[in-house]
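Here's a quick tour of a few spots in this protein model. Keep the picture open and follow along as we go.

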Amino acid sequence: MRRSMTYANALRLLGEKESRLVALADTITSGAVAASGHFELIEIRREAVDLGSKVLRSLGERLRGLSGLTHRERVYAAHSVLVITAFFQALDEVGERLGIDPVPGLGADEQAALSIGMAPGVGWPQLVIALAYVPIAEPHAVSIDPVASYYEKLAASTHVYLQGLAPWDSLDETRRGQLTTLVLDEVPGLALEAYEERLRHLAAVSTEFRVWLTLCAQQEVRDDVLTGLAGLEDLLTLTRNAVSSDRRGALSRAYRATLAKPIVPSGENDTGLTIPSLAEGYIDHRFQFAYRDHTVGEEHWWRDQPTSDGLVRFLAAHLVSPVALISPLLILGQPGSGKSVLTRVLAARLPEEQYLPVRVELRAVDADADLQEQIEAAVQLATGETVQWPRFVDAAAGAIPVVLLDGFDELLQATGVTRTDFLQKVRRFQEREADQGRPVAVLVTSRTAVADCATLPPSTPVLRLEPFDEAQIRTWIGVWNRGNADTLKHHGLQPMRLECALRYRELAEQPLLLLMLALYGASTENGLTNLTALDPIDVYEQLLTEFARRELSKDGDTTDLDARVERELERLSFIAFAMFNRRSQWVEEGDLTADFLALKLDALPNQRGLRAPLTPGQRAVGRFFFIHDARATWDGRVSHTYEFLHATFNEYLIARLVARELARLTTDAPRRTVDDAMLHAVLSFECLAAREPIVEFLDSCLARHAPACRRAMAEILVALHDSALLPRTESAFAAYTPRQANVVERHAAWSANLVLLATVANGKLSASRLFANAGEEPVREWHRHAGLWQSMLHSAGWDGLVERLDIERGWLGDRREIVLRPSREADSISAPDLRWTFDMPPGSTSYPDNFLNERVSAIRKTHFIADVRDDVMAHDLWPIRARSAKANNFYVLGDNPASETNVLLSALMAPDNSGAAPYVDLINVLLAQDCQGRYVMEDHPMVIPALTVILAGSELGRVSGQEIAPLGELPYLATRLTDPSVQRLFDRLHELFPDEFPPDLNAP
């Protein structure tokens, strides 16, 4: 099916093959008529309106007995006719207002020209042919705006066309102005009104027209927050029949039954509280929509896209659109955002009379099977009956199948890149089904972060679910409190309050995590209310501890509950490290089990009665519903990957484990040799600074310890750093290899993490303390280590380290010093002090040899290293470097050395309020002697650029003649005036300052 319809094709589909416009198009296309256009077309100028009215009046009869693809195509044909008819109706109304015919003599060819936006002067045969191929606007799934924009385009074309007709010349200027105003300003609105009026009449005979009318009526109105896709069924249902008892009816009953069931499986809640039902607990999402070909996971791109309300209207409009039958709708969302719940509600809400929903949990069907086999397997899982897809659809009496493929991300995670063409296969499946007369709409859900791993077909419609806003959170809390009013009152607990949830918005804006907050808040007296007085780490600690305690309390023989809770949280921390050290937000079950075995974690006992023993990974995550278990069946086996529903759980657990391990090392240190094997195992693959929240959580966790304890931690970390780059010959956890990393990478990550932790623990860390035993000057050692980190850390780790640590340059006596501090503020770096850079202690007047040669050396090193950032900086400065490649370009102004490049750019970029200081510095550089006793202006290529900038400052009134005058006093300057450019610059300076600046330096 086409995405949109042309006027000529629309008329043909509706049986108007004998219309004069269609006949002309056929005749011209066949080549039987010359392009000169000798037909008299004046007599059919009203044919479009008359024919359109006729077609639309009989639409009900034309649709009677039709279903499926044929029905849908005829509806869209009628819509195309309606769009054109309404526009020409608006033109007639404008003519009546003025008492003139706005388009006198407008024939079918001219109407065709207007409808496709072509300029006048093109022969009518070409216009009629073009009309057969140019699509007419259709309603967008979000609003009616495309039709309105189309009318504005037609109105502009009409105005241009009118000016080329003879009757225009007979109008005076007043009438021309009136006609112009009416056509450009009023016709689009009148056409849209006529369009809506006809929609109202046709809504009684067509579901599609009813949906489009709803878009017209509500596009400017923000809905109240709705639940459970309420109204979708009524909007899409035109007639109601008795529920069938066949397989289709069985499938419908299975889906509808879920509306009354808890929104999460009842096994995940044994608190005595009432989990909201699917119908009540699903809050209709806000969303963003776009057509995309690639990079659907780019957060910065979505940030600039508008957010829409009215999910019911969107889904209805999409399902009645031709796009739904030729391309899958990709639904994106974060873990816990409600993607799967949306498919459950949609399957239950679609009216059985018009649609045949089939919800396919991709985790539950064979990932190796083709799409048709997966759909058939899903029907069997829901109803217990085996079906064959073609017969199943044929028996649906023309209802449009809607296949809901839930969990595409799980399919990708479990099977890897072998399923990256899945969406393309879906589109080919839709094409095949349409060719067989079984058109099918398909919706596919995926986590946003995983979707970019797949290849998108061209112009794929993509819907992105937005987090809850305050109104949606309020609505959900109201549902929760109403459902649990009696239980909360019975236990003396307070209802959940909006202000409490909003304090932890990063959790509350995701539906499943909001449920987690509600369960915690009702688990202890005023639990959630008490959270408002806690720091973020207390919130996460109490949430995780409470859920672990509740799960462990289910075991009747638990005696050491506190110790068991701590072991559970430790396992969760290692799950977090399993993801972090693999640079991923999820981990496969096999990899997690391998980590647990390599780290020699205590095994949890298997639950009794299980036929197959659980793996360590499965036992570690099975208790917590805030860990998402993504599954796919592959080669008869179920593959699992795990992910926290929110990244902050991962980041807090990493910081928690590190802080507790540091506390253990500090406690053990006075009694025996520090055992850093566990810490080294988890901290030698990735720099903790790769994720900012980890460092923030670490800072808060370590701040809970006494200052003396933190200092002791820092001492241990510095001591460990002394040997961080030495070989480690033995390790109890040598088998722990979350990813392949060479020895240098691991040494770099380990040493960087030790430095970061020591700085955070102590609040600051000096290079002289860090490298006290290195035997080298501390700053040189720092430079070596920073180079190692830059070259070997992953970009996120290196960038994070630079952002998380502030570097303070200073002096310790006559020796250079660096002090590290946790970054607290935005960028506050000052310009480099070249005395510090070249190791010139305060008071020193001697210059090191390398002071003269650094520029050429820097250029060569930059070229050699081929670093992106260095190349960009070199590119920025290359015009100056290329012009002034001389080595002796550093000069001493007062007590401070500077390069003429720095001084020149300072004057060039000086702000309006800087005064004369930057220009005076530049003048002084031109007057100064370099370290070899030569003047800058002796045969130096920077003279002309410097004088040009000084002259610009003079023209702006920033530099006085008195400040310029010293430039004319140098006796050697006369030798440079042979250069015409220099002469012109000095001539202009003399014009500006005739009293202070000599007119001719060459004069005797």
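Let's start with a helix pair: α30 (residues 561-580) and α31 (residues 589-598) pack at an angle of about 120 degrees, and their axes are 10 Å apart. That makes α30 oblique to α31, where angles under 35 degrees count as roughly parallel, over 145 as roughly antiparallel, 65 to 115 as roughly perpendicular and the rest as oblique. This is a predicted model, where local features need pLDDT of at least 70, side-chain atom pairs count only at pLDDT 80 or more, and totals for chains, interfaces and linings use all residues. Residues are numbered from 1 along each chain as its sequence is written, and side-chain values use heavy atoms, with hydrogens and water left out.

- Helices (H or I, at least four residues) and strands (E, at least two) are DSSP runs, numbered from the N terminus.
- Axes are lines fitted to C-alpha atoms, for helices over the stretch in contact, and angles run from 0 to 180 degrees between N-to-C directions.
- α30 passes α31 in a right-handed crossing; a crossing is left-handed if the near helix is turned anticlockwise from the far one by less than a right angle, and right-handed if clockwise.
- On the α30 side, R571, F574, I575 and A578 make the contact, and on the α31 side L592, D595 and F596 do (contact means heavy atoms within 4.5 Å).
- The residues of this contact of α30 with α31 split into five nonpolar, no polar and two charged (Ala, Val, Leu, Ile, Met, Phe, Trp, Tyr, Cys and Pro count as nonpolar, Asp, Glu, Lys and Arg as charged, and the others, Gly among them, as polar).

**Another helix pair: α37 and α39**

- Helices α37 (residues 743-762) and α39 (residues 778-792) pack at about 120 degrees, with axes 9 Å apart.
- So α37 is oblique to α39, and α37 passes α39 in a left-handed crossing.
- V744, E745, A748, S751, A752 and V755 in α37 meet W782, L788, W789 and M792 in α39.
- Sorted by class, the contact of α37 with α39 has eight nonpolar, one polar and one charged residues.

**The sheet with β10, β11 and β12**

- Three strands form an open sheet in the order β10-β12-β11, paired antiparallel (two strands pair if DSSP finds at least two bridges between them).
- The edges are β10 (765-766) and β11 (805-812), each pairing on one side only.
- Eight bridges join β11 to β12 (residues 815-822), and the partner of E808 in β12 is V819.
- Helix α37 packs on this sheet, touching β10, β11 and β12, and its direction makes about 75 degrees with that of β12.
- Helix α40 (residues 795-804) lies across β11 and β12, at about 55 degrees to β11.

- Is β2 (residues 329-333) mostly covered or mostly open? Mostly covered: five of its five residues are buried (under 20% relative accessible area, with exposed over 50% and partly exposed in between, using a 1.4 Å probe and protein chains only).
- L329, I331 and G333 are buried on one side of β2, and L330 and L332 on the other.
- Five bridges join β2 to β5 (residues 441-447), running parallel, and G333 has R447 as its bridge partner in β5.
- β2 also pairs in the parallel sense with β6 (residues 460-465), over three bridges, and L332 stands opposite R464 in β6.

**A loop residue: P467**

- P467 is in the loop between β6 and α23 (470-483), and counts as partly exposed because its relative accessibility is 25%.
- P467 and H285 are 182 residues apart in sequence and 7.8 Å apart in space, C-alpha to C-alpha.
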